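User: I'd like to learn how to read a two-chain model, feature by feature. Can you walk me through it?

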Amino acid sequence: MDYLWAFLIGGLICVIGQLLMDFTKLTPPRILVIFVVSGAILTGLGLYQPIVDFAKSGATVPLPGFGYLLAKGAMDAVKIDGFMGALVGGLKETAAGITAAIVFGYIIALIFSPKPLR
Amino acid sequence: MAKKKKQKEQERKEQAKAYEKYVKQFTPNPKYFSNAFKAFVVGGLICVIALYIQNLFMAQGMVKKDAATAVTVILVCSAQLLTGIGWFDSIARFAGAGVIVPITGFANSMVSPAMEFKKEGLVLGSGAKLFTLAGPVLVCGISVSVIIGIIHLLINKG
């Protein structure tokens, strides 16, 4: 059952992205930013956590999930560390993903060269 | 003189409009439904795979949070590897937002410009271009997270 909801919710978020790409003239970078920011804002309002509890990976793997982690990290850290928590929390929660993306991405970029579209 | 200028400007505007119409004939209308369907299936599948791997990790005694992080790292690394060997673009052409909206798209958006600008050097080429697309996402995301954190601090105190 978990898998079904992950599939449905994850797919639905992607459809929203596809519709934004097709119907508006928004470029992909803007769409990425919109998704991350809206995920963070929804989390701040307490609306995204129920979706995560419900759909699991379906809500955390798409980009709003990245915003969710950022906002959740900041909100949790504020409870313990006060103001410093707001500065530390977001990145602390996402550090592993971001660092992996930077380091592994850099290595890949050094090893491989761009190829023409097939 | 002024009249002539105005006339010219109008002519130019009309030309631009006609050109736009002309171009529109040749740009294919996006197939909204089939695009959305492909994005739905591929995006959903990625989430299901992620959940499956996460469950595997958790079955081996990993804490939920660590398992989720490990899955994110795996997804990011595999998307970047696919970008490196040139498969990601082919997949993205088929699935569209299905692979761009999940975290895989974020990973891809770091590698492809970094690869493209390797000629300009390892520091200002690849090193800088790694963040052409990821930069805005990180800047906006982190800024919003800090604001949310501060707002929560104020609300909980008040």
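This is a predicted model: local features need pLDDT of at least 70, side-chain atom pairs count only at pLDDT 80 or more; totals for chains, interfaces and linings use all residues.

User: Which residues of α8(B) are buried?

Analyst: The general idea comes first. An α-helix has 3.6 residues a turn, so residues three or four places apart point the same way. In α8(B), the buried ones are A134(B), V137(B), L138(B), G141(B), V144(B), S145(B), V146(B), I148(B), G149(B), H152(B) and L153(B). Their cover includes α2 (28-44), α5 and α6 of chain A, along with α6 of chain B.

User: How do I read the packing of α6(A) and α8(B), and at what angle do their axes cross?

Analyst: Two packed helices are described by the angle between their axes and the distance between the axes. Here the axes of α6(A) and α8(B) cross at roughly 145° and come within 8 Å. The crossing of these two helices is right-handed.

User: Which residues meet where α6(A) packs on α8(B)?

Analyst: From α6(A) you have F83(A), G85(A), A86(A), L87(A), G89(A), G90(A) and L91(A); from α8(B), I142(B), S145(B), V146(B), G149(B), I150(B) and L153(B). By type, the residues of this contact divide into eight nonpolar, five polar and no charged.

User: Zooming out, how many residues of chain B are in contact with chain A?

Analyst: The size of an interface is often given as the accessible area lost when the parts come together. What we have here is a residue count: 64 residues of chain B are in contact with 67 residues of chain A. On the chain B side, the elements giving two or more residues are α2 (32-59), α3 (64-84), α4 (87-95), α5 (97-100), α6 (103-116) and α8 (134-157). The residues on that side of chain B divide into 41 nonpolar, 20 polar and three charged.

User: Which residues touch the most other members of the largest nonpolar core?

Analyst: They are V36(A), A74(A) and F106(B), in a core of 75 residues. Helix α5 (residues 63-81) of chain A gives the most to this core, with 10 residues. Take A74(A): leaving out residues up to four places away in sequence, A74(A) touches G85(A), A86(A), G89(A) and G90(A), plus S145(B), V146(B), I148(B) and G149(B).

User: What does chain A look like by itself, and how many helices and strands does chain A have?

Analyst: Chain A has six helices and zero strands. Its C-alpha atoms fill a box of roughly 50 × 35 × 30 Å along the principal axes. Of the 118 residues in chain A, 52% are buried. Among contacts in chain A with a separation of 6 or more, 56% join residues 24 or more positions apart.

User: Back to helix geometry: why does the span of α3(B) agree with its residue count?

Analyst: The 21 residues of α3(B) should span 30 Å at 1.5 Å a residue, and its end C-alpha atoms are 30 Å apart, so the two agree. Buried residues of α3(B) include A68(B), V71(B), L75(B), A79(B) and L82(B). The buried residues of α3(B) pack against α4 (57-60) and α6 (83-111) of chain A, and against α2, α4 and α6 of chain B.

User: Which residue has a positive phi without being a glycine?

Analyst: Most residues other than glycine have a negative phi, and most peptide bonds are trans. K56(A) has a positive phi, near 50°. The loop between α3 (48-55) and α4 of chain A is where K56(A) sits. A glycine case is G86(B), which follows α3(B) and has a positive phi near 90°.

User: Is K56(A) buried or exposed?

Analyst: K56(A) is buried, because 24 other C-beta atoms lie within 10 Å and the cut-off is 20 or more.

User: Last one: where is G96(B), and which residues does G96(B) touch?

Analyst: G96(B) lies in the loop between α4 and α5 of chain B. G96(B) counts as buried, with 25 other C-beta atoms within 10 Å. Setting aside residues up to four places away in sequence, G96(B) touches Q18(A), M21(A), N35(B), K38(B) and A39(B). G96(B) and A39(B) are 57 residues apart along the chain, yet their C-alpha atoms are separated by 6.0 Å.

Terms used
Residues are numbered from 1 along each chain as its sequence is written. Chains are lettered from A and ligands numbered from 1 in the order in which they are written. Helices (H or I, at least four residues) and strands (E, at least two) are DSSP runs, numbered from the N terminus. A residue is buried if 20 or more other C-beta atoms lie within 10 Å of its own, exposed if 12 or fewer, and partly exposed in between; C-beta atoms are placed from the backbone. Two residues are in contact if their C-beta atoms, placed from the backbone, lie within 7 Å. Ala, Val, Leu, Ile, Met, Phe, Trp, Tyr, Cys and Pro count as nonpolar, Asp, Glu, Lys and Arg as charged, and the others, Gly among them, as polar. A nonpolar core is a set of buried Ala, Val, Leu, Ile, Met, Phe, Trp, Tyr and Cys residues joined through C-beta atoms within 7 Å. The expected span of a helix is 1.5 Å times one less than its number of residues. Axes are lines fitted to C-alpha atoms, for helices over the stretch in contact, and angles run from 0 to 180 degrees between N-to-C directions. A crossing is left-handed if the near helix is turned anticlockwise from the far one by less than a right angle, and right-handed if clockwise.
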